[in-house]
Amino acid sequence: FKDDLSTSPQLFTPMSPYDVDLPIQTTEDVLFGSQFNQPKELPTDFSSVDLSFLPDITQDSKEENLSEAGHDMQKEFDGSISSRNEDSSIFVDESSLSYPDATRPSPEASGVCPPLTPMTPMTPVTPASESSGIVPQLQNIVSTVNLACKLDLKNIALHARNAEYNPKRFAAVIMRIREPRTTALIFSSGKMVCTGAKSEEQSRLAARKYARVVQKLGFPAKFLDFKIQNMVGSCDVRFPIRLEGLVLTHQQFSSYEPELFPGLIYRMVKPRIVLLIFVSGKVVLTGAKERSEIYEAFENIYPILKGFKKAS
Amino acid sequence: MAARGSCPGCGSTALVEDAHYAQQQLVCAACGCVLSEGLLTTTYAEEEHLREVAYSQSTGQKEQLSRCLQRGIRRVQDLCKVLQLPTVFEETAVSYFQRALQHPSFHLVSLEKKELLGGCCIFVTCRQHNWPLTMGTICSLLYVKQELFASVYLSLQKELGLSVPALSLGDLVKTHLNSFQLFQHAANVPAPFVEDKEKMVARTMQIVELASETWLVTGRHPIPIVTAAAFLSWQSLQPAARLTCTFARFCKLAGVDLPPPAHLRLKELLEILLRMASQLAWLRVFNMDKKTVVKHIGDLLQHRIFLLKNAFCLEDEEEQHAMTPGEGSPGSPPAAGGAAQEEGCPSEGKRQHEGRPRPLLPPCLINPRKRLRTAAPSASDSAITGDEPISDSEIEQYLRGPEEIRAFRKAKAWP
């Protein structure tokens, strides 16, 4: 079931055929090994791999290299990269390298070390400006997944301890698990929304656990089209900000209505992130599909905010 | 069918509209005199009164607009008249309203929201011309809740891409004070409470500016601050007679609402003024409190620039104090920089006397509310890959056992 990447908005997650935890399936530990043991249909789109550490490589030449490399060797795929990379474009932006804790399944585990697999993230190279030194912390990740089977919500609510279902209020089962501490909305169509995770990987793990619960309840649930829909981060610049001044100088991006909301709403164009800036110096960033967008947005706003630090 | 008017020939009022072949004629039933024929009338057949028919009516211009749009435009025009806005505002607001209604996101909203939309357009127009209209006023005119107004306003701003300048505080002060009824003698207002408008406006502006400099305005609703500032300025202009009057009574006499946050704003303003008073040489001998400081507001405002510098440490000094612990005794200020502000910052000795001169920060940073800080992601959290194996026991803890299900079925009579 390979979707056509150019037309379908939902990214084909290459891990999905192996991800379904059917009772007969082997455990996930063997997943990566299995990829090498039985070379099944490997996705031919390698453009989600980050090769920007190679010298003198432009976007076009990267694509060339990738297509060549694809024929030569098996590549290890990080499901989390693909799930993050919605528009199959290569990360040329340097700020994308700043994944502080993007853990990926290490290639060494399976005994194969393809040289083109991205290594642990490097520090971003920003020669011109000094970085703020503050890293926004992710507070919430919202993701969706398709379980691809019709569900009987009453049945689920009866058989599951951690579910609540009130059809008069809302047409979905609200299920919660303790680890990772998340909440899921499960609809009768088989679609599910998972919220509350603090990282992309946690969100994926939580979504898989919910799918497992639904499976154990007797439904033939799959795990299709897992996608991160929204990421929320927050941080503190540690100095008060004159919001009235900021709205004057950045009028086209800012909306500051003290009668409505105490914070200033800043709609950044690139990356497309909405920031809530408060007088105490706390900043909330939301609307990101990738972690890098949050970091980039904060690095963009920090020098602007610093400009208002000394306003008397 | 009887028509109005009287026959010029016999004076009878029995006029009938009749048709001679296809031509309409107005004929007197008594004498048969034809009064008029071949009339080309509009739907408003008032020819005998010779009332001119408006172009928009005769050409059906109004009919081109939907009834909903017509009603909305009329409502916008009426609101502008109630608010006594200039005609330019009316035209701009109507054009925004028409643009907005054509936009797909507003085309199909409820009638209530469409009326709200009209109010939003007026609000945006006023703000763009720096006319100090508050949301509270518009909401009370439209009889809507402020949350609903807020959501429609924000989506209007986004969809039409309007840039709305910030509310001008100075203009707001003037407009808000206009509604106070303390500037003329009235039956319920005692004589010593009546005040000169110009003086009160000027002093209120100064206090509001002071509040703005000391971080009391940013992020807060402006009206409570203006109300509190008006109260302080009114009291300070004749303290002897007015110190006994409470805030609530003042608002009742003035005929304005007392918004709940205004009490807190008043407290914050008084705290700022007290700190400033502690730096004024001839006031240091007195033991100032919230009541007595009001008498000296005039002096404090006059010297506010100097007093603010002295009463509050700017953050830089705080950091430098912290970073240079070895430099001299606590009693002497650090010699780094030599900026003028440094001399103003009181030394440690003084601090013990009147409590630390606090840094000039917004109140939310001075009194941070104790909040559960979410722990930073631990190492084990960040090691999650998302593809870990999920044990069966972990999942089974979330499933009900058969006895439990039976019990539930019995209890809830599960269908």
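**Note on a predicted two-chain model**

1. Chain A contains eight helices and ten strands. The model is a predicted one, and the points below should be read with that in mind. Of the 312 residues in chain A, 51% count as buried. When contacts in chain A between residues at least 6 apart in sequence are considered, 66% of them join residues at least 24 apart.

2. Chain B has 23 helices and four strands. Its length is 415 residues, and buried residues make up 39% of them. For contacts in chain B with a separation of 6 or more, residues 24 or more positions apart account for 60%.

3. The largest nonpolar core comprises 118 residues, and A:Ile277 and B:Phe250 are the residues with the most contacts inside it. Helix α11 of chain B, spanning residues 222–237, gives the most to this core, contributing nine residues. Apart from this core lies another, of 36 residues, which includes B:Leu69, B:Leu79, B:Leu85 and B:Ala100. As general background, nonpolar side chains tend to be buried together in soluble globular proteins.

4. Neighbours within four places in sequence being left aside, A:Ile277 is in contact with A:Ile241, A:Leu243 and A:Leu246, with A:Gly263, A:Leu264 and A:Tyr266, with A:Lys282 and A:Val283, and with A:Ile301 and A:Leu305.

5. A:Thr182 belongs to strand β4 of chain A, which covers residues 182–187. Is this residue, A:Thr182, buried or exposed? Its relative accessible area is 3%, below the 20% limit, and A:Thr182 is therefore buried. Apart from neighbours within four places in sequence, A:Thr182 is in contact with A:Met175, A:Arg176 and A:Ile177, with A:Cys194, A:Thr195, A:Gly196 and A:Ala197, and also with A:Ala206 and A:Tyr210.

6. Two packed helices are described by the angle between their axes and the distance between the axes. In chain B, the axes of helix α6 (residues 111–128) and helix α7 (residues 135–142) come within 10 Å and cross at roughly 150°. Angles over 145 degrees count as roughly antiparallel, so α6(B) and α7(B) are roughly antiparallel to each other. The crossing of these two helices, α6(B) and α7(B), is right-handed.

7. Which residues form the contact between α6(B) and α7(B)? From α6(B) come B:Glu115, B:Leu116, B:Gly119, B:Ile122 and B:Phe123, and they meet B:Met135, B:Ile138 and B:Leu142 of α7(B). By class, the residues of this contact of α6(B) with α7(B) are six nonpolar, one polar and one charged.

8. B:Pro239 lies in helix α12 of chain B. With a relative accessible area of 18%, B:Pro239 falls under the 20% limit and is therefore buried. B:Pro239 and B:Val294 are 55 residues apart in sequence, and their C-alpha atoms are 7.1 Å apart in space.

9. B:Thr244 sits in the loop between α12 (239–242) and α13 (247–254) of chain B. The relative accessible area of B:Thr244 is 69%, over the 50% limit, and B:Thr244 is therefore exposed. Along the chain, B:Thr244 and B:Lys291 are 47 residues apart, while a distance of 9.1 Å separates their C-alpha atoms.

Methods: Residues numbered from 1 in each chain as written. Chains lettered and ligands numbered in written order. Predicted model: local features only at pLDDT ≥ 70, side-chain atom pairs only at ≥ 80, totals over all residues. Heavy atoms only, no water. Core = buried A, V, L, I, M, F, W, Y, C linked by side-chain atoms within 4.5 Å. Buried < 20%, exposed > 50% of the residue type's maximum accessible area, 1.4 Å probe, protein only. Contact = heavy atoms within 4.5 Å. Axes fitted to C-alpha atoms, helices over the stretch in contact; angles between N-to-C directions. Parallel < 35°, antiparallel > 145°, perpendicular 65-115°, else oblique. Left-handed = near helix turned anticlockwise from the far one by under 90°. Nonpolar A, V, L, I, M, F, W, Y, C, P; charged D, E, K, R; others polar.
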